[in-house]
Number of protein chains: 2
Amino acid sequence: MARTRADGLREERRQAILKAAMKVFARKGYAAATIRAIAREAGIAQGTIYLYFPSKRDLLLALYRSMILESLEQILARPETGDTEGFLRSLVVDRIRRFRRNPQAVRFALTELPLHAELRGKVYQEIGLEQLQRLRAFLADRIAAGELRPLRPEIAARALQGMYVIFTLAETVFGDRAVARLTPEEIADEVVRLFLDGARGAPSTLPMSISERSDHATSD
Amino acid sequence: MARTRADGLREERRQAILKAAMKVFARKGYAAATIRAIAREAGIAQGTIYLYFPSKRDLLLALYRSMILESLEQILARPETGDTEGFLRSLVVDRIRRFRRNPQAVRFALTELPLHAELRGKVYQEIGLEQLQRLRAFLADRIAAGELRPLRPEIAARALQGMYVIFTLAETVFGDRAVARLTPEEIADEVVRLFLDGARGAPSTLPMSISERSDHATSD
DNA sequence: CGGTTTGCTGAACGATCATTCACCGATTCA
DNA sequence: TGAATCGGTGAATGATCGTTCAGCAAACCG
């Protein structure tokens, strides 16, 4: 049977359509995106899309499925352990890198999820909650070990998420240019130190060094 | 002239249309929302909307203008000073309350801003940036005063924003129920303490000021 | 009162959309 | 080689949209 080869080509084209759809959905939004535009983007005729997906809505669903699978794979690939600071730092760097690599997916999720209740529930269950739980569990573990003070993990985990998500949000929703110039490492350094030691100062340094801290107060 | 009274009625109806539009735009998104649905929501005929707004897009623009004005008013009404902890706490409580009072506006801004570049620029300039600058200036001031360590204000200000914005985001984008059960005060307490003192522990564990900060932990 | 103006209505119009389908060239099979 | 099959095409179809407009009822004016 030449089935395998044919199926391979078929799957290849299917992916090309999904990719084109992602592009157009991210640019225009699902409702304003047209099958014509997606077909043009993929370099095929409108009718061809219906040989691969039964409807526009199914195209949307398939796109979400593939996003979920890809995300989940990356989430589960991350180790649960390591020293606290290193773990958090690599987590933040990873996330920001991933967001920046897939700006279309970010924009797509942000603009469409609030409008489609079924999708929202699914994505939340499979990605959002999974990710949050892992972070919560990590923090709870470190609290139990006495390494972190007894903060509320469900709030602290969310807050930490917010500390790096906001940078992507500023780019996507507001089109902030200044944020784009910061490297993931720069952001992670400051954010993780802020999360662990706070803005007042690390518990390790005694509050006697007022003189040494008035240097680069105005950096911009 | 009875002009004033007539104009008053006209303005009243204009606002009613804007309110209905906000409702429908927030539920369906701008592209999928129909003038028919907005008219039905406002209890008037389709044609009537065109006596108040020249087009659907102008309805969108007018809605943004009113959102900007309202937001700006509230931002500028906030004092710039006060003790650091109190200022930040009231800031976080304020913001979360405001987001929760206007879930439609949040959803609307989140889903539509990324899709309309002109709007995005305007809103960013007039609200997003204004808000961020004020927070940055506040932090820079406290750093110069030696009250906060020399962190990078442009990163720290964003991170702090993220720490409270994420709670609204979780509700709006993912439909997270657990977050909705937290009171603004609960969130603010944990977030501000986290921001100022970090997760490892407060510098207040040093023999200075343990007593002055463990009071209003649970207010609701 | 008759006539004019005003604010509103909802059917009608042209445009555009998702979806379908009659048709085409290439490939496969006998 | 001729017939059958297959993947692909893009014009056609019916639905729905934003927008317009001819007409209606109430208010206003002389």
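**Close-up views of a predicted model**

**View 1. Chain A meets chain B.** The contact draws 59 residues from chain A and 56 residues from chain B; two residues are in contact if their C-beta atoms, placed from the backbone, lie within 7 Å. On the chain A side, helices H6 (103-112), H7 (117-144), H8 (153-174) and H10 (184-197) each give two or more residues. Helices (H or I, at least four residues) are DSSP runs, numbered from the N terminus. H8(A) provides the largest share, 15 residues. This side of chain A has 31 nonpolar, 14 polar and 14 charged residues. Ala, Val, Leu, Ile, Met, Phe, Trp, Tyr, Cys and Pro count as nonpolar, Asp, Glu, Lys and Arg as charged, and the others, Gly among them, as polar.

This is a predicted model: local features need pLDDT of at least 70, side-chain atom pairs count only at pLDDT 80 or more, and totals for chains, interfaces and linings use all residues. Residues are numbered from 1 along each chain as its sequence is written, while chains are lettered from A and ligands numbered from 1 in the order in which they are written.

**View 2. The surface near DNA strand C.** H3(B) gives the most, four residues. The surface divides into six nonpolar, seven polar and three charged residues.

**View 3. H5(B) beside H8(B).** Val92(B), Arg95(B), Ile96(B) and Phe99(B) in H5(B) meet Tyr164(B), Phe167(B) and Thr168(B) in H8(B). Five nonpolar, one polar and one charged residues make up this contact.
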